[in-house]
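Here is a short briefing to read alongside the model. Have the viewer open and follow along topic by topic.

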Amino acid sequence: MKMMVNLTMLFNTGLAAYFCAMVCAVTGLMSRRIIFDRIANGLIIVGVSVQSVYLGMRWVDAGRAPFSNMFESLVLFGWTVSVVYLLLRLRTRIPWLAAASAALSALALAHASTYESDIRPLMPALQSNWLSFHVMTCFLGYGAFAISAVAAAGYLISSRRASTVQTETRQTLETIVAQTISFGFLFLTLGILTGAVWANSAWGTYWSWDPKETWSLITWLIYAAFLHFNFIRGWRGRRASWISIIGFVSVLFTYYGVNFLLAGLHSYAKQ
Amino acid sequence: MSETPETNRAIKPGRGNPVTRLLGSLVFALTVVLLLALACIAGTLVPQGTQVESYLAQPGGHPVLGVLSALGLTRMFYSWWFIGLLFALAASLMVCTGRRYRAISRVTGAARLRVVGSFITHVSLLLVLAGGMVRVIWGQKGVIQFHEGQAVNSVESNEGAMPLSFSIRLVKFELEFHEKPETSAAPMEKLMVEWAEKNLLVQFPVDLNVEHSVAAADSGASSAFKVTVLRHLADFSVDSETGEVRARSEAPHNPALQIRIVGSGVTNTQWVFARFPDFGGEPGSGAAMPLRFRYYSAPAEESGNRGTIKSFKSMIEVIENGSVAATRTIEVNASFSWRGYTFYQTSYNPDDLTWSALQVVRDPGVPIVYAGFVLMMAGLTMVFCVGPWLAGQGRTAGEVP
């Protein structure tokens, strides 16, 4: 009971940190004062740190990786979005990206709070060390694709107002779109492959055209097409941004839509 | 993150014959990828598999499903045209792989590492497709269903019985459950008391002959009540001859509490029923009783120690030449391999816990596919991590990337 109270407190603290970070970042954008941007980034670091402790405590409490249902995966998604943003922040600074990533993380946690947060025992198929590798790698990919889609949307909006947004900023956004997709593609591939190895060890088939597997492949094909266009044809700008957004729509359907609309091996994920 | 002009020039198509040029073109490759993606989307939206076909076999089967089945859309991933698309992808990959191989010698430095990574990635995709083809051609898959003590030496598959060179005997099947959390392991019983006009709701444990006080914050001692549980019956009934209240059985078919309420000048005794909350809730004396009672009693199955299924496992023996050659326990995520066959715990019967079903797979393509997986990660790491890092180092050192 004591552990549950602490977990709830940590969850709420993380959510509050992301929400305040979003407010600060938006205030910074409107007032054009850099101090708000710094506070926003500090709050995102606080949010990620608190969430890391939360995930760790839940892992210890449950005796397994806390990635087995909709609540836990949404918490992980919020965490990966902010982690990818912070990694990106080490190299580049775009204030509204802080607002967008904090908003995404806060939204993920707020939505997670609508699901049952009780720690439940795992069904036999999920009792495997592959669970943590598979889910963690997939969600690092999802987090990167989310940041890429946000940057792509920012590029599309800013390219309509070319006179007010600096060319340098748009070029930075183009680079972010390509870099985050490369990062996400690496991790999504690893996630799909670890899932295939796990499926083979559990059921004797590494690929069974389950809806989740199939939609992961669709997402992978979309981003593979992006990388080919980007690498070989040098596609950047608006066309690359649109592919990034289409790719993220596919990610959302893979993660969310499949759980609720299509039955399959991953049906437990909607609980 | 886009390729350097040097890399692009190196992997551009040469002057091959028209077929090679077509297969190696980006437009062809991406058209195949697009068609595969669209087919995959359709494959997740249209019902797939044998259930659809058995439904169609019934008189008056759905006409739309009939059309979809005729087009091969209800067994999409095994249809000739989907497999044809995979072959087209493989052909395109082969040409592109050859081009990247030739390009390796034309570039230097970090760009060379990226081309090597790209080459390895394309080879890995070919290996995965090749492994899948080996599975389709030489793989075997079936099911063993048996009871405890029974030995079988063949596997049921879609192609009929598949003989094994050994026998498998089910020694024992076990079903394990998670223990329920301690908080819910104990019987859940409580008496809830509502004092509506004081906006008060309190609850007490069901302890016999223990007096509990019910008082609102603004009430004096004169308006407080004392509530005591006098009797607890798991299965309330009234003897039709004597009129005496008694327990019909120990099973919680009709749990009831007899309670005494003392306060505000009244003394009342009444029964409260878990299954019939509105019956007997009013005091029988007709006195003005502001309290209402609810008795909550969790059913036996809810308060038992048995939780969700933790594992199901089969203890088996492999019998070769009349003697036991191996003994293993097979469960989900813990398979067992013998003579090229792998056995997976797949099913059980909750109504007959002496029965178990194992999936049996013989897939010589797995090592090829796994080699593809390893190479894919190695190739992508070279393209996305090592190549750019080396390019960055080169820039730092003043080298032209």
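How many bridges join strand β2 (residues 151-157) of chain B to strand β3 (residues 160-179) of chain B? Six bridges join the two, and the strands run antiparallel. Please keep in mind throughout that this is a predicted model.

**The strand pair in chain B**
- β2(B) and β3(B) form a hairpin, with two residues between them.

**Where chain B meets chain A**
- On the chain B side, 35 residues are in contact with 35 residues of chain A.
- Five elements of chain B each supply at least two residues of the side that touches chain A: α3 (26-45), β13 (306-320), β16 (341-349), β17 (352-362) and α10 (366-396).
- Of these, α3(B) provides the largest share of that side, with nine residues.
- By residue type, the side of chain B that touches chain A divides into 21 nonpolar, 12 polar and two charged residues.

**The two domains of chain A**
- Across the boundary between them, 21 residues of domain 1 of chain A are in contact with 24 residues of domain 2 of chain A.
- On the domain 1 side of chain A, α3 (70-89) and α4 (95-112) each supply at least two of the residues that touch domain 2.
- It is α3(A) that gives the most to this side of domain 1, with 10 residues.
- The side of domain 1 of chain A that touches domain 2 holds 15 nonpolar residues, six polar and no charged ones.

- In soluble globular proteins, nonpolar side chains tend to be buried together.
- The largest nonpolar core here has 115 residues, and Ala21(A) and Ala102(A) touch the most other members.
- Helix α6 (residues 167-203) of chain A contributes the largest share of this core, 17 residues.
- If you centre the view on Ala21(A) and leave aside its neighbours within four places in sequence, you will find it in contact with Ala40(A), Leu43(A), Ile44(A), Gly47(A), Ala98(A) and Ala102(A).
- There is also a second, separate core of 19 residues, and its members include Leu257(B), Ile259(B), Trp271(B) and Phe293(B).

Notes:
Residues are numbered from 1 along each chain as its sequence is written. Chains are lettered from A and ligands numbered from 1 in the order in which they are written. This is a predicted model: local features need pLDDT of at least 70, side-chain atom pairs count only at pLDDT 80 or more; totals for chains, interfaces and linings use all residues. Two residues are in contact if their C-beta atoms, placed from the backbone, lie within 7 Å. Helices (H or I, at least four residues) and strands (E, at least two) are DSSP runs, numbered from the N terminus. Ala, Val, Leu, Ile, Met, Phe, Trp, Tyr, Cys and Pro count as nonpolar, Asp, Glu, Lys and Arg as charged, and the others, Gly among them, as polar. A nonpolar core is a set of buried Ala, Val, Leu, Ile, Met, Phe, Trp, Tyr and Cys residues joined through C-beta atoms within 7 Å. A residue is buried if 20 or more other C-beta atoms lie within 10 Å of its own, exposed if 12 or fewer, and partly exposed in between; C-beta atoms are placed from the backbone. Two strands pair if DSSP finds at least two bridges between them.
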